[in-house]
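Please keep the sequence and the model in view while reading.

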Amino acid sequence: MYLRELDLRDFRSWPELNLALEPGVTVFSGRNGHGKTNIVEAAIYTATLASHRVSQDQPLIRTGANNARISATTVNAGRELTTHLLIKVREQNQAQINRTRLKSPREMLGVLRTVVFAPEDLALVTGEPAERRRFLDTLASIRTPRFGGAKADYDKVLRQRNALLRSSNMALRRGYNDDSGAAALSTLDAWDAQLAAFGAQVVAGRRMLIDVLSDPVHNSYSSVAPESRPAAIEYSSTLDKAVAELAGEPSNDPAILEAAFLQELARRRRDEIDRGTTLVGPHRDDLLLTLGDQPAKGYASHGETWSFALALHLAEYALLSEDGVDPVLILDDVFAELDAKRRERLVAVAQQAEQVLITAAVGDDLPDNLDEHVAARYSVVMEDGLSRLEEP
């Protein structure tokens with residue numbers, strides 16, 4: 001798989017960009033803040049409908065513009081598909097494949113697959129659980145697009161349920177003693193049923209992903225840091241107690257998870273009404289990363305932290321490749337952060353990829369054994385706050 005063409009309009013610092021790409025290694029170099037990462041960010045957004053740098057879409061739209069457009073032509077086993085994505089400030093984003101308008105941008109997922117290494121990866125180990133949940137959900141959505149639909153539905157119901165817990169808090173506290181309390185509780189029951197149904201699909205999808213990701217993470221970490229303690233990953237859910245009560249052991253069965261979800265919601269209802277927020281569900285879960293018998297967060301050295309972050313993405317790349325399509329590998333300003341051993345392991349993966357997109361502040365950041373595979377180089381410069389390309 002490779003990107004053959006990338007066209008941008010009003011995306012970040014790019015008023016316009018028309019870029020033809022080839023298989024092999026393409027390098028974008030330039031000073032920090034001049035817009036080189038914005039190019040690969042557009043490719044990442046096309047593949048995942050999310051940025052690796054920000055959690056909202058508005059920063060992706062150039063200042064003063066009403067929307068941004070990303071068009072990308074992907075070649076997969078000789079077949080070309082062109083996706084068009086219109087990112088809007090206040091309205092729902094629009095997407096199409098070739099000339100076909102899509103009902104939802106999520107229908108684009110899977111056309112382009114990417115694996116990204118970036119300095120932000122350290123947050124996978126040292127950051128909050130939301131970072132690790134995002135990693136799982138992005139990978140699960142790429143491999144199984146219907147997972148992305150279940151996650152989007154879950155998030156929508158969660159927002160509505162939390163709004164009810166806040167706006168009708170006093171009525172919920174009164175309970176069935178008056179009409180308004182009974183109506184609010186009835187509405188809460190309806191949201192509970194939907195939340196449990198969608199949440200069970202999310203938890204099941206994450207657990208099934210970890211089942212196939214665990215060994216690749218362990219093996220990748222061993223190859224990057226053979227002298228370190230063994231690495232392992234495990235899913236920790238707010239439903240674990242209820243699942244154990246119902247099934248006696250961990251389960252990926254959506255029916256069991258849905259029943260456990262409803263049981264846990266009933267158990268925590270009073271607490272949720274008191275606090276005005278949902279305390280149970282996949283939005284509260286975490287991916288536990290361990291080295292030996294200790295959690296990586298707080299106990300791993302800087303080198304071990306980088307190794308674990310690399311291992312997660314190496315495992316991601318291996319898993320996507322096993323699906324039959326080598327993803328586009330994106331290395332965003334990462335070589336300057338790595339020592340020789342980790343560079344060597346990353347280069348070994350890069351040499352296997354059909355296409356690699358690299359950003360670097362200076363050309364010297366590129367390892368010699370990868371430099372010889374470079375098919376194209378571009379310099380990114382900025383004038384008056386706008387980015388443009390120069391061919392060296």
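How much space lies in the largest pocket? The largest pocket holds about 1400 Å³. The model is predicted, so that local features need pLDDT of at least 70 and side-chain atom pairs count only at pLDDT 80 or more, while totals for chains, interfaces and linings use all residues. Residues are numbered from 1 along each chain as its sequence is written, and side-chain values use heavy atoms, with hydrogens and water left out.

**The largest pocket**

- The lining of the largest pocket has 37 residues, and the closest to its centre are Leu 49, Lys 151, Ala 152, Asp 155 and Arg 159.
- A pocket is an open set of points on a 1 Å grid over the protein atoms alone, where a 1.4 Å probe fits, with protein on both sides within 12 Å along at least five of seven lines; lining residues have an atom within 4 Å of a point.
- Helices α1, α3 (129–143) and α4 (145–167) each supply at least two residues of this lining.
- Helix α4 gives the most to the lining, with 10 residues.

**Helix α1**

- Helices are DSSP runs of H or I with at least four residues, and strands are runs of E with at least two, numbered from the N terminus.
- The 13 residues of helix α1 (residues 36–48) should span 18 Å at 1.5 Å a residue, and the end C-alpha atoms are 19 Å apart, which agrees; the expected span is 1.5 Å times one less than the number of residues.
- In α1, 13 of 13 residues are buried, where buried means under 20% relative accessible area, exposed over 50%, and partly exposed in between (1.4 Å probe, protein chains only).
- Leu 49 follows α1 and has a positive phi, near 60 degrees.

**The annotated binding site**

- The unreviewed UniProt entry places a "binding site" at Gly 30, Arg 31, Asn 32, Gly 33, His 34, Gly 35, Lys 36 and Thr 37; such annotations may be inferred rather than shown by experiment.
- Gly 33 is in the loop between β3 (24–29) and α1, and counts as exposed because its relative accessibility is 62%.
- Lys 36 lies in helix α1 and is buried, with a relative accessible area of 3%.
- Not counting residues up to four places away in sequence, Lys 36 touches residues including Phe 28, Asp 333, Thr 359 and Val 380; contact means heavy atoms within 4.5 Å.
- A polar atom of the Lys 36 side chain lies 3.2 Å from the backbone oxygen of Gly 30.

Conventions. A polar contact is a pair of N or O atoms within 3.5 Å; within protein, one must be able to donate a hydrogen and the other to accept it, and residues adjacent in sequence count only if both atoms are side-chain atoms. Grid points are joined across faces, edges and corners, and a volume is the space filled by probe spheres set on the points.
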